[in-house]
Structures are given as C-alpha cells and as structure tokens.
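Reader: I would like to learn how to read a model of this kind step by step. Could we begin with the terms and then turn to the features themselves?

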Amino acid sequence: MSGRREVDRTAKRYVRTKAGQFAVVQLLIGMALLMVWPFAFGFMVEEVTAAGRAARGEGVPGTFIARSETCGRGGCTWYGPFTTGGLFQPTAERVELRGDGDHSVHAGEAVPALDVGSGRFVHMRGGSPEWGLPFTAAVLAAITGGLGAGLNGMVLWGVYWTRASPASRRRQARERGRSALRGLADRDRWVWSARPGRSTTRVTMARSKRRTLAGAAGVLAIVSALPLFGLIWVVFNEETTRAELIAGLWSPLFAVVFVGVAIQTLRLVLLRPRMWVTDDEIVLWDALLLWKVLRIPRSAIAAVRCRDESRPCRIEEGVAQLTPFWEELNLVLRMRDDISLPARRLRWGNWFWVMLTLRDLNPQTGMPQRGRLVRGLCLRVQEPRRAAIDLDRWLAEDETPPPPEIALVENALNGTVRTHRGAGGARVKIKGRLPRPVLAEFVNEGAGTLRAWLRRTEFGRGIPVMVCGPGESPATTVLDDRLLSGKELTKRFLHVEAEGQWTVTISGPQRARGFTGSTTGTGPEVLRYQGPAGIAVVTCPGGQAHQVHLHAPDLAAVAGCDPVASTDGFSERESRPSRSTFAVPAQALIRVRTAGADWRIDVTPLQQADVDDLAQAGEQGHDTGHVQPFEHSIAGDRTAVVRYLGPPGPVLFRGGDAFGLLHLRVTLTPARTLALPGGDTVVQLRPHTLLQVTGGPGAWSLEETAPP
C-alpha cells in the first residue's frame, strides 16, 4: 500500500464526526426495538392465526349482539357481547365484529359469529376474512425484530472484527500453554502477589473520572432497562402467549451477557490501574484490561515519550492504548521488539468497552487484544512530563557508558621541527605523507602584511591559511591536507607573500602554547588546553570578529566544530566586547582566528559550570560561562552550551543559515551532529541532554514541539 493511500485511510478512519458514538446509539436503539418486538410478534401471531381460522370457517359458533358502532377513516365497526351455544354459555362483554363488510347490521341485531381464538374480535359466519391488520402486524414485527437484531448484530460484528487474527490467538494460546486452574495459581494473576516490594520511580497512572462515571452510568442505564422491560411486561400485558414468551427470550440472554459487563464495570470503578518501576523492569497492572500483570524488562524498552494531551489520540498499527475510553493519553512506551499483552477476552465483558471506542462504524480499536502483537503502549499518567523524564533517566541507567575522552594519537611530526626562512614571495615545499594535520608558526619580520596560502600544486589555486600584520606576535595555525583533497598527498606547497623577511616553523602539536584556566593572546593562535573538560568563553574586549575551531590532540578537526564559534565585529560606537561560548573537552586544542585583535579565554570546569535546575539558572542569570538549562524553549544570538530538562520528545531547532547543533557527551566531546545551518530541524531529545549551539552570527532558538 502506498504511503498516500495509508495516510488517506488513516485520516478517514480517525477524524472525529458526529457519528463518533454511533455504536452506542446502535445498541440503545436495538434494545428499544427488541423490547417492542415481543408484543408486536405476539400480536402478529394472534392476528394471523385468527384470520386463518376465519378463512377456513373454523371456530366456536355463537351469537354476537350489535350494541355500539364506531366509525373512522377505514369504515365503521360494531362492538357488543358474544355468547356461545355451549352448556355454560361463556360470554364476552365487548368484542369487535369482523367479516361484516358485505352485510348490513343494525343496532340490537343478533348476528351468527365464530370465536376464532382472539380475545378481541369474533368473525361473522360466512363473512370474508380481513387481512389488513394481520399484514400490518407482520410488517411491524419484522421491522422491530429484524432492525433490533440487526443493529445489535452490527455492533457485535464490529467488536468481533477488532480481535487479532485466529493465527495470532492460537500462537498466544500455545505460548501460554497452561490450564485455567494453573493460571489461577500464577503469582502474576493477583496483584498482592505480583506487586514488587518497592518502586524506584514514582509513576501514578490515571483514568478520567468523568469518563469512568459516564461509562458506569451507561452500563447501569442499559442493565436497568432489562428490569424495566419486565415491569412493562407484567403491568401492561394481561395475558402472556407462547409467541410472546419465545420472542422475549432475548432478555435473559442479554442479562447473562451483561453480567460480565457489570463485573468489569465494578473493576473499572473500584480498582485503579497501577505501575511500579523496579531496578530492571516496569510492572503494569490493570484489572479491567489485563488478566494478569504485564512485566516489561528495561532491556525491551527502546524509548519513553511524552504526548501532547491537546491532540486527539489516534489508533495506530502496533500500538495499544491502555484505556477503555476514547481519551487523551500522555505517555508512550516504545519497545525494541513486538510484545504480546495478557489482555482479557472480549466475551467476559470487555466487548462493551471496545464498543465504546469504535468510531465511524469502523472495526478498529486501540484497546489491548489477546494475541495481538504491539510495539508501543500508550498510557495516561499524572504529571506526564515528570514521569517521562524520570523513566527516561531510569532507562538510561542500563545503556552503554559513553566512550572515553579524546585519545592521544601520535602525530607524524611529534618531536620534529622544520623551520623555513625567506623574504618577499616564496613557496615552501612540504614533502612526505602527513596522515595528521601539522602546526605552522608564522613570524613576520617585514614592514608589510604577511599572507600565506596552502596549495596542492606549485602554481595551483590555494586556500588562505594566514594573515599576519607587521610587528605582530608570532601567529600559529593548523595545516591540513584534507582542506585540499580527499586523498592522501605526498607533497603540498605553502605560498608566502610578504614585504620583508619571514619564518615558518612546521611541527607537531607539542609546540602549541598550553594553558589550564585562563589565558590571553593576540591574533591567530593554536592553544593546548591542559585542564578538565569545561565551558570556555572567548572574549575580544574591543568587539572584533573572531572564530574558534576545536581540534583533537593530534590536530585533527573535531567533527561539527569547524568552526565551533564565529562572531561579527561591533562598530566603534557600540564599544562592547564580542563573546562566544563553547564546550572544550580535556586535552583539546583550540584554534583562535582574529585579525590581530586581543582576546581572552576563560574555562570553567564542567562541575562548576553545569546547571541542572531552572531555579538555579535564574539566580545566575545569563552567565556565558555556564550551561544554560531550558525546559520548553530557549533562544540566543551567539553560541551557547545548553541542557534540555524537558521530557523525551521532539524539539524544533531554528538556526537559520548561521547556527548548527551538536549533541555532547558527558566528556563534552561531540557525540553527533543534530542540525546543520540552513533551516529548521526537528530533533529528538532526551532529558538532561547536553547541546552545543555552533556557528554564528545570527539568531537561534530551541522549542518543544508536538510529536507527529
């Protein structure tokens, strides 16, 4: 089936319409018609039998005395007493005379008649039988009985088709593989024996009180209709015929069927569903929908999601909804593999709750069904955001720990220093294979500006790598073959242009200046950070533009951090410093690029800079040297390190053409790139996820969004 057909089918299936409760309306109308049917059927049998005997001339002969006449649109009808010629001469005080259409009857006249078995009329001897009323009675009986049975049958047929396939039910029966008596002895069958000793995470399941009371009232109304039907039968039915008894057999049958519904209703009202979270599993107990507790190992759960309660709950393939109502569910457990739920059988009363969830006459329901495999479980809990955060944290305890910090990799030039000197314009040939980038230090001894390009060939186009003004301190940068080609090179050329003498020193990362907490500098420089992982802030007091790149200890560029921060300069009238905030792992190398501007780097260790509480973050304000926590949304105009404190779910990142987003490990090394500059991106975040907003300048924002 194509994706478009599936979407159209889903939309047609789950759109709420005014016929949303049609299954319940069907049941009520069907029961009302079945209540009328015994009387209509008994009346039809009596009329047809009496008319048939009159047509054959059968009956007890007697005399009808015409006393009163009643006229209407269908003609005139005589009423009076009827006596037989028997020994005891039984007399009917007031009966109707039929079959007198071809005869003239006068008041007080004695008319020979036959008692054809009806207590309401006698038939004139020799008169023509009247079939109009029997035909009308037959049509009424057919409509009430057929339509009543048909409406109830449609409801039950819809409920029947919500079941799992026969093969699935047989498979679960084989998996169960035990008798009913042995099932009673199962410790998971009873909540007092299956309940864990303690719950490591408090999650309280909820059920709509309004819907619970409405469902119980609906069941009570339907069940009370059966005694009402019996009362009407006794009060208004003077004589019960065999036909009426046969037609009324549906009533005790319904009473037996609704015994299970009544028991399930008591469970609904009296027994609240429960959830316990142990060290290695989630235990769910719902006496209404499950015949025993459901145990879900932690290793079987892939993710926990918090749903938006304002959005209608849709029925999805492979997702079970642990509720008997059509209500908003706010927590979703996603499994790694399909699981089978210990659902109660429909015939024991849960067919009624399935009927309540049917929509648009479509046999689809999200209630747990025996034998149906599911990969998702929707629940309704109190405080869903907190519950999702706690469950996700519990789930993360079983995951593989993050990899260690950036490992030291031997550089080809470690311990080797190559110095090249020249004047004016010249080309420096760097021979040999360089599996790792190298460090280049430039010293401009002339009166003009030094510029350098890295080229693949001697006269090819190059990539600018350095601009150094006259009289500036030595500037360092990183030379990487990967900027020139995706293949490994055996040689490359460094083209230098200057107005005087210059010196270029090629070496490994060991010549980079090291620092621990804070340092200052001027112009481009590569620094070796020797402290613990922390939050770094680069500040240019004069408001000049700058860029920051992160490199591994072997000078390889850290994925997603090229650059990790970039800012535009401010005008002299603004006279405010430019700042960038980024996460720096232990042993990382930091490359700062500025146009001869002064700068300062301050690194705060993560243990001091991390903020895991919104109230604490409010006290500290928007300090750029700390992690900025957020729950619903956050925005900024420069790079930042943020921590998401909301429940697991989708978050919309708007970074425009300037900002990207990285997921950081606890060591502050990038785990993966979540978003690149160039538009809006929806990312799935878990609670306490640490994020690095990279790039700039411009504006960015993170905001929770509803799941698709």
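Author: Let us begin with the naming of elements: helices (H or I, at least four residues) and strands (E, at least two) are DSSP runs, numbered from the N terminus. Please keep in mind throughout that this is a predicted model.

Reader: How many helices and strands are there in the protein?

Author: The protein has 13 helices and 39 strands. Of its 708 residues, 47% count as buried, and the accessible surface comes to about 35100 Å², with 55% of that area belonging to carbon and sulfur atoms. Among contacts between residues at least 6 apart in sequence, 75% join residues at least 24 apart.

Reader: Which residues does the UniProt annotation "transmembrane region" cover?

Author: According to the unreviewed UniProt entry, that annotation covers residues 21–40, 135–161, 212–236 and 248–270.

Reader: Turning to sheets, what is the strand order in the open sheet of 4 strands?

Author: As a general idea, in a regular strand the side chains alternate between the two faces of the sheet. In this structure, the open sheet of 4 strands runs in the order β15-β20-β17-β18, and the pairing is antiparallel.

Reader: Why is one side of β15 and of β18 left without a neighbour in the sheet?

Author: β15 (426–431) and β18 (462–468) stand at the edges and each has a single partner strand, so one side of each lacks a neighbour in the sheet. The twist from one strand to the next averages 20 degrees. β15 pairs with β20 (residues 491–497) in the antiparallel sense over 6 bridges, and A426 stands opposite V496 in β20.

Reader: Is strand β34 mostly covered or mostly open, and which strands pair with β34?

Author: A residue is called buried when its relative accessible area is under 20%, and 5 of the 6 residues of β34 (residues 649–654) are buried, which makes the strand mostly covered. β34 pairs with β37 in the antiparallel sense over 6 bridges, where V651 has V683 of β37 as its bridge partner. β34 also pairs in the antiparallel sense with β39, over 4 bridges, and here R654 stands opposite S701 in β39.

Reader: How should I read the backbone angles, and which residues other than glycine have a positive phi?

Author: One case is Q587, which is not a glycine and yet has a positive phi of about 70 degrees; Q587 lies in the loop between β28 (578–584) and β29 (589–594). Another is H688, whose phi is near 65 degrees, and whose place is in the loop between β37 (680–685) and β38.

Reader: Where is the cis peptide bond, and in which loop is P697?

Author: The peptide bond from G696 to P697 is cis, with omega near -10 degrees, and P697 sits in the loop between β38 (689–695) and β39 (700–704).

Terms used: Residues numbered from 1 in each chain as written. Predicted model: local features only at pLDDT ≥ 70, side-chain atom pairs only at ≥ 80, totals over all residues. Heavy atoms only, no water. UniProt positions renumbered as here; feature names shortened; annotations may be inferred. Pairing = 2+ DSSP bridges. Axes fitted to C-alpha atoms, helices over the stretch in contact; angles between N-to-C directions. Buried < 20%, exposed > 50% of the residue type's maximum accessible area, 1.4 Å probe, protein only. Contact = heavy atoms within 4.5 Å. Areas by Shrake-Rupley, 256 points an atom, 1.4 Å probe, with all protein chains shown as cover.
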